[in-house]
Amino acid sequence: MSSRGPRTVVLPSAEKAAALVKQMRGEVDDNSNYRTKSLKIHGQVCAKCGREFDQASLNLLTVHHKDGNHHNNPPNGSNWENLCVHCHEDEHSRGVLGEYLSGG
Ligand SMILES: [Zn+2]
Ligand SMILES: [Zn+2]
């Protein structure tokens with residue numbers, strides 16, 4: 001029986017802790033997940049031109065953030081709009097989509 005002394009526990013920041021709690025609840029709101037969720041909530045259809053997408057063409061359907069903030073990802077999808085790449089480009093009208101497609 002060896003008794004260990006108290007170890008220094010590094011507590012996560014409040015922000016990290018909140019993210020962890022969300023993860024455990026399945027409410028991950030990081031950028032890798034919001035697209036899947038938005039497609040589930042809003043359907044695989046462009047909100048602007050109404051084009052429908054299947055698994056083969058789904059990569060052409062992107063998620064637009066209505067307020068322009070990619071970190072604002074409410075679980076109810078209120079900040080998301082599914083737009084095909086053409087409509088999405090149109091929505092931003094200048095080069096922002098390049099940043100979006102590169103994962104920003
Ligand atoms: Zn469209
Ligand atoms: Zn957008």
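Visitor: What makes β1 largely enclosed by the rest of the structure?

Guide: Four of the five residues of β1 are buried, so the strand is largely enclosed by the rest of the structure. A residue is buried if 20 or more other C-beta atoms lie within 10 Å of its own, exposed if 12 or fewer, and partly exposed in between, with C-beta atoms placed from the backbone. Strands (E, at least two residues) and helices (H or I, at least four) are DSSP runs, numbered from the N terminus. This is a predicted model, in which local features need pLDDT of at least 70 and side-chain atom pairs count only at pLDDT 80 or more, while totals for chains, interfaces and linings use all residues. Residues are numbered from 1 along each chain as its sequence is written, and chains are lettered from A and ligands numbered from 1 in the order in which they are written.

Visitor: Why is Thr-62 called buried?

Guide: Thr-62, found in strand β1, has 22 C-beta neighbours inside 10 Å and therefore counts as buried. Its C-alpha atom is separated by 9.6 Å from that of Gln-44, 18 residues apart along the chain.

Visitor: How do you know that β1 and β2 pair, and in which sense?

Guide: Two strands pair if DSSP finds at least two bridges between them. Strand β1 (residues 61-65) and β2 have five bridges, in the antiparallel sense. Among the partners, Val-63 is bridged to Asn-82 in β2, and His-65 stands opposite Trp-80 in β2.

Visitor: What makes β2 largely enclosed?

Guide: Strand β2 covers residues 80-84, and four of its five residues are buried, so the rest of the structure largely encloses it.

Visitor: Why is Glu-81 called partly exposed?

Guide: Glu-81 lies in strand β2. Its count of C-beta neighbours inside 10 Å is 19, so Glu-81 is classed as partly exposed. Two residues are in contact if their C-beta atoms, placed from the backbone, lie within 7 Å. Not counting residues up to four places away in sequence, Glu-81 touches Ala-47, His-64 and Lys-66. Glu-81 and Cys-46, 35 residues apart in sequence, are 8.1 Å apart in space, C-alpha to C-alpha.

Visitor: Is Glu-52 buried or exposed, and why?

Guide: Glu-52 has 11 C-beta neighbours inside 10 Å and so counts as exposed. Glu-52 lies in the loop between α2 (34-42) and β1. Leaving aside neighbours within four places in sequence, Glu-52 is in contact with Gln-44 and Val-45.

Visitor: Why is His-86 called partly exposed?

Guide: His-86, in helix α3 (residues 85-92), has 13 C-beta neighbours inside 10 Å and is therefore partly exposed. His-86 and Cys-46 are 40 residues apart in sequence and 9.8 Å apart in space, C-alpha to C-alpha.

Visitor: Which elements does the protein have, and in what order do they run?

Guide: The protein has four helices and two strands, which run α-α-β-β-α-α from the N terminus on. Of its 104 residues, 12% are buried. Among contacts between residues at least 6 apart in sequence, 54% join residues at least 24 apart.
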